[in-house]
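Subject: Structure handover and notes

Hello,

Here is the structure you asked for. My notes follow below it.

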2 protein chains.
Amino acid sequence: MTPGELSLLLARAYLLRVAEPPAPALTRFVVEHGAERAAEAVRGGRVPGDVAKEVAARNDLRLAEQDLQTGHAMGARLLVPEHEQWPRQRFADFEHAAQNGVQNAAPPLALWVRGSPRLAESTASAVSVVGSRAASGYGEQLAAEFGHGLVGRGFTVVSGAAYGIDGAAHRGALAGGGTTVAVLACGLDVGYPAGHTSLLRAVESGDGAVLSEYPPGTPPARHRFLVRNRLIAALSAGTVVVEAGRRSGARNTAGIAGGLGRVVMAVPGPVTSALSAGCHELLRDGEALLVTSTAEIAEAAGPMGDHLISPGDRPSRDTDGLGEEELRVFEALDLRKGAAADEVSVRSGVELASVRAILPVLEFAGLAARGEYGWTRRRRRSGRS
Amino acid sequence: MTPGELSLLLARAYLLRVAEPPAPALTRFVVEHGAERAAEAVRGGRVPGDVAKEVAARNDLRLAEQDLQTGHAMGARLLVPEHEQWPRQRFADFEHAAQNGVQNAAPPLALWVRGSPRLAESTASAVSVVGSRAASGYGEQLAAEFGHGLVGRGFTVVSGAAYGIDGAAHRGALAGGGTTVAVLACGLDVGYPAGHTSLLRAVESGDGAVLSEYPPGTPPARHRFLVRNRLIAALSAGTVVVEAGRRSGARNTAGIAGGLGRVVMAVPGPVTSALSAGCHELLRDGEALLVTSTAEIAEAAGPMGDHLISPGDRPSRDTDGLGEEELRVFEALDLRKGAAADEVSVRSGVELASVRAILPVLEFAGLAARGEYGWTRRRRRSGRS
């Protein structure tokens, strides 16, 4: 590491320390002056009023040097906006969203990363899968299935490492041998949630990563989850809400994703389940697209034209090509009991002459059979649902 | 009955006999010439080619007199478009729909009715509840709940008397002491479905009715179900699909309802259930509004402005009125472990001076408590989902 690089890291680590994210005024100040000059100005108290307001409550905090040492000791790196692997394209939409009044629409000042720091690459094609902590078996099963299916289609799966839906999505992605990224609402060393320590270790392996904009030691807090959610939304092309109560954080993530112009998707569930009520509200309000399968998610979130569901993916039925009269004749036939043409005519309301012409056509198509006791219906395969 | 009235009934009963519904050319011919002159022309073979094509296969059938006798014997009446209780407003939309190419968009030539013939009244405020025959317990439970809830809100519940969703909707309406209307795809004397004979008897009681445009003795057939579905759609202001496979008749009813400009609604369910796949497709395709409760159905299908869900129907939470900083301070408080103001400031990222001002506000709102060991959070009731 060159002295210049170290100086940049120190400045960024310091900036992460001096304000509670998101700090839009400070972020703008840093963009304007560069990280090192901005950090110096903050240290010296020489910042405009709006920046000063954001940094005011953070004067008693440890030094950036210590964070870099702690980070190094725990195998974490500080990924900075000046780095080529900074996902700048993903974060670029914050600017537009902020102009549109989207809450918390500011990029992070830097990101603590454990695992692969190649974030620009891993999030180039990514979907976030989010939902309730107190998920049902239904929700967890789907989240795991989507995680597995999405990595199989080349997507990175982004989530928040929480219990319930998040954890299931990460696990599904790992089971599929794919890349998954977890964004935390606390320092990487905090070990939250406690039961997911080994899951996070698995996420960090391979091309995956665990991220946080919070310095080492920062405890989780509810407003941090909401602030963190903007990163989950921003780091993916689309967000799928698998299960969410009416007031859940996942709905918040969906709202930010919508504000960033991302594809917002929601999975329906039983209307009797409070865990699907948030999804149903998103769908009723027209804020989300209804998805029921990995194929539908991939179609919606993939690059335009990729992952299109071909019409063949929908079950077809033998009678799809029939005209109205042909269908009426077909429907007038019984699977077992034979009928003469005139009987079929009366049943179907189709003229006898037409019935006599149509029956051999159906026979040729394998839909009707001529037997000893008259015409019967044949079904090559079940098309009924 | 005057001789004129009898003559009209005979003409209409005859017209129901001579063509398989829907018979749009014959229907137009009847509107143009009146029922009696049209019937005479059909008998004499003096009809235009398009009408002749519709009536061709029906020359071997019994006489209208016999139908009127059979109808009388089974307690059924023939309701004709000339009657004041003909639901002409409901059927008026067929004309517009036919111009837009909606399939089967023709009103019935008459309706056989058992129960109350006051159809214009009973269908003035009506919702149809439809779905799969092979419904799940989930679907049947919801259909019954909606049937019950809708009659409680003054709606008539229209359905098709089939096993599964239809039957549950009728039963729910009856249990709620309300009016329900069943539209059959066969003659009223056919006794189909066999297991619903006593249900149909119950439907006919009070202000309810069982209807069919098919003459006595007409057996059910698949194309008749599709044709019948247009009447279910037309007789109600909105259609709710509770459960439907991808190719179900209920989806067909929904399609016609949409073509008639009616409100189309679908109930979501587990994506793992093939019985909800049709509902999810309707929702994905933007053809239906997602509904999860009777209140939502009533709001969508009721007269404009009636049945609006008040904001109070949605669960509110104690913190709804809080500003961003107040919320951050509130979230920084623990339910058990007390914290001093400066600690709360660091946790929340809110300036100490502001925290000192906000804490008493939260205390006054019953959201925070000042104790021996500092500030704690108070929760008046659970608002979490």
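Is A:Arg377 buried or exposed? A:Arg377 is buried, with a relative accessible area of 11% (buried means under 20% relative accessible area, exposed over 50%, partly exposed in between, with a 1.4 Å probe and protein chains only).

Before the rest, the conventions. This is a predicted model, in which local features need pLDDT of at least 70 and side-chain atom pairs count only at pLDDT 80 or more, while totals for chains, interfaces and linings use all residues. Residues are numbered from 1 along each chain as its sequence is written, chains are lettered from A and ligands numbered from 1 in the order in which they are written, and side-chain values use heavy atoms, with hydrogens and water left out.

Salt bridges

Over all chains the structure holds 34 salt bridges (a side-chain nitrogen of Lys or Arg within 4 Å of a carboxyl oxygen of Asp or Glu). One of them pairs A:Glu331 with A:Arg377 at 3.2 Å, N to O. This pair links distant parts of the chain, with A:Glu331 in helix 16 (residues 324–332) of chain A and A:Arg377 in strand 11 (residues 374–377) of chain A, 46 residues apart. Helices (H or I, at least four residues) and strands (E, at least two) are DSSP runs, numbered from the N terminus. A:Glu331 also counts as buried, at 7% relative accessibility.

In another salt bridge, the side chains of A:Asp67 and A:Arg17 meet at 2.6 Å, N to O. A:Asp67 lies in helix 5 (residues 64–73) of chain A and A:Arg17 in helix 1 (residues 3–18) of chain A, so the pair ties together parts that are 50 residues apart in sequence. Both ends are buried: A:Asp67 has a relative accessible area of 0% and A:Arg17 one of 9%.

In chain B, the closest N and O atoms of the salt bridge between B:Glu281 and B:Arg251 are 2.3 Å apart. B:Glu281 is in helix 14 (residues 277–284) of chain B and B:Arg251 in helix 13 (residues 249–259) of chain B, so this pair links parts of the chain 30 residues apart. B:Glu281 is buried at 8% relative accessible area, and B:Arg251 counts as buried at 17%. Salt bridges with shared partners also join A:Arg114, A:Arg201 and A:Glu204 into one network.

Domains of chain A

The domain assignment of chain A gives domain 1 (1–61), domain 2 (74–301) and domain 3 (318–377); such bounds come from an automatic or database domain assignment. The C-alpha centres of domain 1 of chain A and domain 2 of chain A lie 27 Å apart. In contact (heavy atoms within 4.5 Å) are 16 residues of domain 1 of chain A and 18 residues of domain 2 of chain A. Between these two domains of chain A, about 1,500 Å² is buried, and carbon and sulfur atoms give 68% of that. Buried area here is the accessible area (1.4 Å probe) that two parts lose on being put together, summed over both. A:Arg12, A:Leu16 and A:Pro22 supply 41% of the area that domain 1 of chain A buries against domain 2 of chain A, more than any other three residues. Two salt bridges are found across the interface of domain 1 of chain A and domain 2 of chain A. A:Arg12 also forms a salt bridge with A:Glu82, at 2.7 Å, N to O.

The sheet

In chain A, nine strands form an open sheet in the order 1-2-6-5-4-3-7-8-9, with mixed pairing (two strands pair if DSSP finds at least two bridges between them). Its edge strands are strand 1 and strand 9 (289–290) of chain A, each pairing on one side only. Strand 2 of chain A is joined to strand 1 (residues 76–79) of chain A by four bridges, running antiparallel. Within this pairing, A:Leu79 has A:Leu111 as its bridge partner, and A:Arg77 stands opposite A:Val113. Four bridges also join strand 2 of chain A to strand 6 (residues 209–212) of chain A, again antiparallel, and there A:Val113 is partnered by A:Leu211. Four of the five residues of strand 2 (residues 111–115) of chain A are buried, so this strand is largely enclosed by the rest of the structure.

Cysteines

Zero disulfides are found over all chains (pairs of cysteine sulfur atoms within 2.5 Å). The sulfur of B:Cys279 is 17 Å from the closest cysteine sulfur, in A:Cys279, too far for a bond.

Regards
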